[in-house]
Amino acid sequence: MQRGLKLAILGFAFCALAACDNSEVGDVSLGVFTTQDIKLNILIDPLVPGVTCHVASIEANLSLADPSDSSISCRQTGQITAMMIAQIDKSKSGELVFKKSKSIFFKSLKIRRIYDANSQTLMYVSYSTKETSGSFKHSLSTVPLWGTEAYQNKPEAI
């Protein structure tokens with residue numbers, strides 16, 4: 001009995017702490033009769049701090065729901081330098097900049113930064129790691145380097 005009570009308290013404390021996310025900037029209830037909300041989170045790129053992304057995703061606390069939908073919007077909110085761009089992974093798969101567990105079904109929301117050298121644009125793709133209803137949910141936002149210190153002028157073709 002005592003052990004069961006301790007486990008219940010520990011579980012409740014874990015759920016309460018998991019809900020305390022310092023990157024959360026908004027919370028939209030989907031109604032009185034649901035445990036699902038739209039959570040709005042902020043992400044500042046760790047290697048390119050001049051880029052801020054806002055991610056909206058469904059969260060279902062204390063539910064067995066399997067949320068997948070998310071959207072992402074990224075903008076230049078500060079200086080972007082050539083040194084910052086030099087530090088990032090420039091491979092075709094880019095690099096993971098954010099990961100968050102989304103359900104007890106081993107699903108995660110991930111955000112990758114991919115650099116498009118031809119257009120000198122940072123691409124941020126958010127995606128779920130588990131197929132839902134026949135598709136993997138994803139969303140894309142781009143931040144062009146045009147007008148920043150990082151933009152490299154290319155010689156004009158003749």
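Student: Over how many bridges do strand 7 and strand 8 (residues 138-144) pair in the antiparallel sense?
Tutor: Strands are DSSP runs of E with at least two residues, helices are runs of H or I with at least four, and both are numbered from the N terminus. Two strands pair if DSSP finds at least two bridges between them. Within this pairing, Tyr124 stands opposite Ser141 in strand 8. Strand 7 and strand 8 run antiparallel, and their bridges number seven.

Student: Which pLDDT do local features need in this predicted model?
Tutor: Residues are numbered from 1 along each chain as its sequence is written, and side-chain values use heavy atoms, with hydrogens and water left out. The model is predicted: totals for chains, interfaces and linings use all residues, side-chain atom pairs count only at pLDDT 80 or more, and local features need pLDDT of at least 70.

Student: In what order do the elements of the chain run from the N terminus on?
Tutor: The chain has two helices and eight strands. Read from the N terminus, the order is α-β-β-β-β-α-β-β-β-β.

Student: How many of the eight residues of strand 7 are buried?
Tutor: Buried means under 20% relative accessible area, exposed over 50%, and partly exposed in between, with a 1.4 Å probe and protein chains only. By that rule, 36% of the 158 residues of the chain are buried. Strand 7 (residues 121-128) is mostly covered, with a buried count of six.

Student: Which residue of strand 7 does Tyr115 stand opposite?
Tutor: Strand 6 (residues 108-116) also pairs with strand 7, antiparallel, over eight bridges. Four residues lie between the strands of this hairpin. Across from Tyr115 stands Leu122.

Student: How far apart are the N and O atoms in the salt bridge of Asp27 and Lys39?
Tutor: A salt bridge is a side-chain nitrogen of Lys or Arg within 4 Å of a carboxyl oxygen of Asp or Glu. Asp27 is in strand 1 and Lys39 in strand 2, so their pair ties together parts 12 residues apart in sequence. Asp27 is partly exposed at 42%, while Lys39 is buried at 6%. Between N and O the gap is 2.8 Å.

Student: How many residues apart in sequence are the parts that Glu24 and Lys39 tie together?
Tutor: Glu24 forms a salt bridge with Lys39, with the closest N and O atoms 3.8 Å apart. At 26% relative accessibility, Glu24 is partly exposed. Glu24 lies in strand 1 and Lys39 in strand 2, so the separation in residues is 15.

Student: Which residues do salt bridges with shared partners join into one network?
Tutor: The structure holds four salt bridges. Those that share partners join Glu24, Asp27 and Lys39.

Student: About how much accessible area do Val25, Val28 and Leu40 have together?
Tutor: Patches take residues with over 30% relative accessible area and no salt bridge; like charges are joined within 9 Å, nonpolar side chains (Val, Leu, Ile, Met, Phe, Trp, Tyr) within 5 Å. Areas come from the Shrake-Rupley method with a 1.4 Å probe, and for residues only the protein chains shown count as cover. Val25, in strand 1 (residues 24-29), is exposed because its relative accessible area is 54%. Together the three form a nonpolar surface patch of about 220 Å².

Student: How much space lies in the largest cavity?
Tutor: A cavity is a set of points, on a 1 Å grid over the protein atoms alone, where a 1.4 Å probe fits but cannot get out; lining residues have an atom within 4 Å of a point. Grid points are joined across faces, edges and corners, and the volume is the space filled by probe spheres set on the points. The structure holds one cavity of 30 Å³ or more. The space in the largest cavity is about 60 Å³.

Student: Which lining residues are the closest to the centre of the largest cavity?
Tutor: Strand 2 (36-44), strand 3 (51-60), strand 5 (95-101) and strand 6 each supply at least two lining residues. Of the 11 residues in the lining, the closest to the centre are Asn41, Val55, Phe98, Leu109 and Ile111.

Conventions: On a 1 Å grid over the protein atoms alone, a cavity is a set of points where a 1.4 Å probe fits but cannot get out, and a pocket is an open set with protein on both sides within 12 Å along at least five of seven lines; lining residues have an atom within 4 Å of a point.
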